[in-house]
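Student: I have a structure open and would like to go through it with you. Can we begin with the ligand and then move on to the fold?

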Amino acid sequence: MSTFVVLLGPPGAGKGTQALRLAKSMGVPHVSSGDIFRENLKNQTELGVIAKTYIDQGQLVPDDVTIGMIRDRLSRPDCKEGAILDGFPRTPLQAEALEQILREFNCDLCAVLHIKVDEEILARRTCGRLTCRKAGHIFHMEFNPPKVAGICDIDGSELYQRPDDMRETVLERIEVYKRETEPLIEHFRESGLLREVDGDHPIEEVTATMIALLENKAD
Ligand code: AP5
Ligand code: MG
């Protein structure tokens, strides 16, 4: 049986942090639409050039571009057993596309974990975030500092602050989340897949809660 899990939550909720940990624990890839866009931006691909204008303004990249990109990623052999989806789907059209893609693969979505965190905490988390250049490993100046300042503990690459983590852009991203993505919570609740997770706990505790929820689901 395959394990496709969606992590849903506002900017700074901890999707990336938890997706990396869940992927490792469950032995499936971490598929982050934001990371794939950033990788394309770094390599100055055509996709990266298109995505940049939207990302810099805190807006969503158009559905057709995003859906095509995720379809390609999920078609790779490493996703045969499943994936932890971080940041996709984010609109009703993307949710529909994911359901269609999984049907074509003869797979089901196992669960949608909705990470809930108060709005004032989101700004502190995003503004203090440090991201590794090489692989997107995530740290925080205060809440999850690296052992050596400015250097990723895992691969030794440089840590940087995401340009879209400026305060005004974060506030816009939160508004976009409320408008475009929050309606998906009800959609997945109705389909019986939604599980709520309180994201305002230490990182390890949130992971343990998620694993317990996924294990119950598998029983
Ligand atoms: P994306 O990169 O997905 O950004 P996001 O959704 O805004 O989410 P973040 O990455 O900011 O937060 P996160 O929930 O991953 O939190 P993290 O674990 O890092 O998307 C960027 C842009 O790409 C979008 O704005 C859009 O333009 C485009 N895009 C992406 N997907 C798209 C799609 N599907 N459709 C259209 N456009 C799309 O944690 C945050 C910080 O908090 C870190 O520093 C971490 O160390 C810390 N932290 C985490 N958990 C805890 C905890 N429990 N306690 C204390 N600190 C914690
Ligand atoms: Mg993220």
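Tutor: Start with S33: an N or O atom in the side chain of S33 is 2.7 Å from a nitrogen atom of ligand 1. Keep in mind that this is a predicted model.

Student: How much of the area of ligand 1 does the protein bury?

Tutor: Taken alone, ligand 1 exposes 1000 Å², and the protein buries 96% of that.

Student: How many residues surround ligand 1, and which are the closest?

Tutor: There are 34 residues around ligand 1, and the closest are T17, Q59, R90, R129 and R173.

Student: How do the residues of that shell divide into nonpolar, polar and charged?

Tutor: The shell around ligand 1 has 12 nonpolar residues, 14 polar ones and eight charged ones.

Student: Which element gives the most to the shell?

Tutor: Helix 2 does, with four residues. Helix 1 (15-26), helix 2 (33-42) and strand 6 (138-140) each supply at least two residues of the shell.

Student: Back to R129. Where is R129 found, and is it buried or exposed?

Tutor: R129 is found in strand 5. Its relative accessibility is 12%, so R129 counts as buried, the cut-off being under 20%. The side chain of R129 also makes a polar contact of 2.9 Å with the side chain of D165.

Student: What does strand 5 pair with?

Tutor: Strand 5 (residues 129-132) is joined to strand 6 by three bridges, and the two run antiparallel. Within that pair, T131 stands opposite I138 in strand 6.

Student: What is the strand order in that sheet?

Tutor: The order is 6-5-7, in an open sheet of three strands with antiparallel pairing. Strand 6 and strand 7 (159-160) are at the edges with a single partner strand each, so one side of each has no neighbour in the sheet.

Student: Switching to strand 3. Why is strand 3 described as largely enclosed?

Tutor: Strand 3 covers residues 82-86, and five of the five are buried, so the rest of the structure largely encloses it.

Student: Which way do its residues point?

Tutor: G82, I84 and D86 point one way from strand 3, while A83 and L85 point the other way, and all are buried. In a regular strand the side chains alternate between the two faces of the sheet.

Student: Which strands are joined to strand 3?

Tutor: Strand 1 (residues 3-8) is joined to strand 3 by five bridges and runs parallel to it. Strand 2 (residues 30-32) is joined to strand 3 by three bridges, also parallel.

Student: What stands opposite I84?

Tutor: From strand 1, V5 stands opposite I84. From strand 2, H30 stands opposite I84.

Student: Which residues other than glycine have a positive phi, say Q44 or N106?

Tutor: Q44 has a positive phi of about 50 degrees, and N106 has one near 65 degrees. Q44 lies in the loop between helix 2 and helix 3 (46-56), and N106 is in the loop between helix 5 and strand 4 (109-116).

Student: Are Q44 and N106 buried or exposed?

Tutor: Q44 is exposed, with a relative accessible area of 68%. N106 counts as exposed too, at 74% relative accessibility.

Student: Last topic, cysteines. How many disulfides are there?

Tutor: The count comes to zero disulfides, with a cut-off of 2.5 Å between cysteine sulfur atoms. C107 is in no disulfide, and the nearest cysteine sulfur, that of C110, is 9.0 Å away.

Student: Is C107 buried or exposed, and what about C127?

Tutor: C107 counts as buried, at 13% relative accessibility. C127 counts as partly exposed, at 30%.

Methods
Residues are numbered from 1 along each chain as its sequence is written. Chains are lettered from A and ligands numbered from 1 in the order in which they are written. This is a predicted model: local features need pLDDT of at least 70, side-chain atom pairs count only at pLDDT 80 or more; totals for chains, interfaces and linings use all residues. Side-chain values use heavy atoms; hydrogens and water are left out. Buried means under 20% relative accessible area, exposed over 50%, partly exposed in between (1.4 Å probe, protein chains only). Two strands pair if DSSP finds at least two bridges between them. A residue is near a molecule or strand if one of its heavy atoms lies within 4 Å of it. A polar contact is a pair of N or O atoms within 3.5 Å; within protein, one must be able to donate a hydrogen and the other to accept it, and residues adjacent in sequence count only if both atoms are side-chain atoms. Accessible areas come from the Shrake-Rupley method with a 1.4 Å probe; for residues, only the protein chains shown count as cover. Ala, Val, Leu, Ile, Met, Phe, Trp, Tyr, Cys and Pro count as nonpolar, Asp, Glu, Lys and Arg as charged, and the others, Gly among them, as polar.
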